[in-house]
Amino acid sequence: MPDAVSAVVPAAGPGPRPFAWPTEGLSYGGDYNPEQWPREVWDEDVRLMAEAGVNLVTLGVFSWGLVETADGVLDWAWFDEVVALLHAHGIGIDLATPTAAPPSWLHTAHPEVLPRDADLYQQPPGGRLAWCPSSPVFRRYALRFVDALARRYGRHPAVRLWHVSNELGGGNARCYCDVSAAAFRDWLAARYGSVDAVNEAWGTAQWGHRFGAWEEILPPRGKHGAPNPGLFLDYERYSSDALLAHYLAEKDVITRHSDAPVTTNMMVGPGAQVVDYASWAPHTDVVANDHYTLVDDPDREQDLAFAGDRMRGMSAGRRPWLLMEHSTGAPSWQQRNRAKDPGEIARNALGHVARGSDGALFFQWRASTAGAEQFHSAMLPHSGTRSRVWREVVELGGHLRALAEVQGSAVERARAAMVVDDVAGWALQHGLKPHRSLRYGRELRTWHRALWERQVLCDVVPPGTDLDGYDLVLAPTLLVLDDAEAERLRAVPARGGTLLVTYLSGVCEPTGRVRRGPGVLEDVLGAWTDEYYPLQAGEQVRLDDGSTVEDWTERVVLDGAEAVVRYATSSLAGGPAVTRRAAGEGSAWYVSAALPRAGVDRVAARLVEDTRLPRTVEADPGVEAVRRVGDRGSWLFLLNHTDADRSVRAAGTDLLTGTDHGPVVTVPAGGVRVLREPGARP
Ligand code: GAL
């Protein structure tokens, strides 16, 4: 068996190490890659950073091969100079370990570290994150460099935060090589104890796949097969743990030489993520996210809000979180990379701050002229300081300074929560399922959107979160559900709350095995699913509330619940589509169809009314409203995503302009106001 580093992850400690926030006031800046520029440009950089109000830059992300120029040969001269320059100008450093970018000499000497895809095709050198997470060779080289970096700068006063690697998993989320196979077996041994227990969990009697020895167990290789669902899910979990174990190995080295907080930049958006970040979050001192809106998404502002709510849900008890990367304009990796509209930079950045980020950082400071990302936007675009983007970047720096007092406050406690689980998303989207094109993100975003449009705050939380304080709990398509989480959901109506569950929830155990009836939520819902009726492409079924469903319908049997909406066409006509069971003061809803937006909206309106969920403000859809609350008062963020001015009943001093408003405030089209509410102490 080849050697492999362990992917078994120890339990997280009790909480983040105490640390001071990396900057005074909110953090502002971005990735800084001075290595792409001649020395004289650096002086201009720090001068312009001061003009924009930049106080934190992420340094060194791709610098490994530029410092370790050959195996064991270290040239720190240029790096020392940049660190000193930034420090002299009072700019804090978020120091990145450059392990996302192995030097080419390493790939040449050790091509075995390159990851292999499911067909065992080996990724070529170059690109990013071109390494197998379980490779002991890669780990040795990576930690040797991290150790040298942390020894050299770990106690430097400019180093305020550590940024482990870059978007771990973005390129090497799954590796199927023999080393990974060995690490997977060790991981399975730690989880199950014996080969027989693995056989039992995965149900390998089917197709006669029973394993007699550890060596017989392989990753789910081959892109065209139909892997055992248990094997598939465990390989996803192992892969997430393998990367987390790498992060922890780097963190361990760093914390030997530095007291600064440690994080890594996640890639959290809607739907299932490449790794299970909820299990990573407790291992970070600050939870950090990279978020890029999609140019062709008409609802991209809501996508951003969803990601912010998800970060907040993951960082519970570790507030605040940090927006580590977003863009001032066009990314370069989408199909048609359009600039942001005037005002969109501030709306996006302040939208993240509204939802709990104590800063707004970008990729990147200065636009590259060469290399793969030469057309990616930046804080300082190719056209320089005469550009609109630069003017908006300087303006945003001023806004963030004006919002310094918000730092350290928390987002107001939400009364609604949505339970989101990456494992459930992986299960939904892979393998031989009743419908093979369902997308986890669809339900999540449609339900979140209905609340967002009503200015109802919703925490997006991982399984295991205490749901007791929530009046409304949404559980969309939680295909895989463990008994403990099912119990937490069942408790919601029992204590007077409202629970809404959508189709395909609770169907499988964590092993991927289908549960036999009665269903794990059947008693609380008072309804159960007899048969699935996924719809063919283009096929539509009407409901008696006038809406039209595509993709998913079910034959539902009532057993204590009433039908709120019924199917009106197809062989399901007359049968329940949406059900509700009253349970004392509480209620439990089941939605058996992939409701269109209007249908979701109607149900959501009733839930908000029945549950008397507070709206942050009462405004038209397109006005986003979030309140942050701290020891010194409260701040109301109002973002107008529409192209007309909107008036809202609210009062306070707009920190962005210094003007007082109330009892009605007008938020200009596309604009933002942040009101320090009466009673707050600056
Ligand atoms: C991120 C990545 C950055 C940069 C950016 C471009 O995913 O971390 O290094 O490539 O995308 O949008």
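Predicted model: local features only at pLDDT ≥ 70, side-chain atom pairs only at ≥ 80, totals over all residues.
Which residues of α3 are buried?

Residues are numbered from 1 along each chain as its sequence is written, and side-chain values use heavy atoms, with hydrogens and water left out.

View A. The buried residues of α3 are Trp-78, Phe-79, Val-82, Val-83, Leu-85 and Leu-86. They sit on the same side of α3, because the arc they cover around the axis is only 165° (the arc is taken from the directions from the helix axis to the C-beta atoms). Helix α3 itself runs over residues 77-88, 12 residues in total, and spans 16 Å from first C-alpha to last, close to the 16 Å expected at 1.5 Å a residue (the expected span is 1.5 Å times one less than the number of residues). Helices (H or I, at least four residues) and strands (E, at least two) are DSSP runs, numbered from the N terminus.

View B. Around the ligand are Phe-62, Arg-128, Asn-166, Glu-167, Asp-290, Tyr-292, Glu-325, Trp-333, Phe-363, Glu-373 and His-376, with a residue placed here if one of its heavy atoms lies within 4 Å. Take a look at the side chain of Arg-128, with an N or O atom 2.9 Å from an oxygen atom of the ligand. For the side chain of Trp-333, the corresponding distance to a ligand oxygen is 2.8 Å, and a polar side-chain atom of His-376 lies 2.6 Å from a ligand oxygen. The protein covers 92% of the 310 Å² of accessible area that the ligand has on its own (Shrake-Rupley method, 1.4 Å probe).

**View C. Ser-368 and its side-chain partners.** Ser-368 is found in the loop between β11 (357-362) and α12 (388-402), and counts as buried because its relative accessibility is 4%. Its side chain makes a polar contact of 2.7 Å with that of Gln-36 and another of 2.8 Å with that of Gln-364. A polar contact is a pair of N or O atoms within 3.5 Å; within protein, one must be able to donate a hydrogen and the other to accept it, and residues adjacent in sequence count only if both atoms are side-chain atoms.

Notes. Buried < 20%, exposed > 50% of the residue type's maximum accessible area, 1.4 Å probe, protein only.
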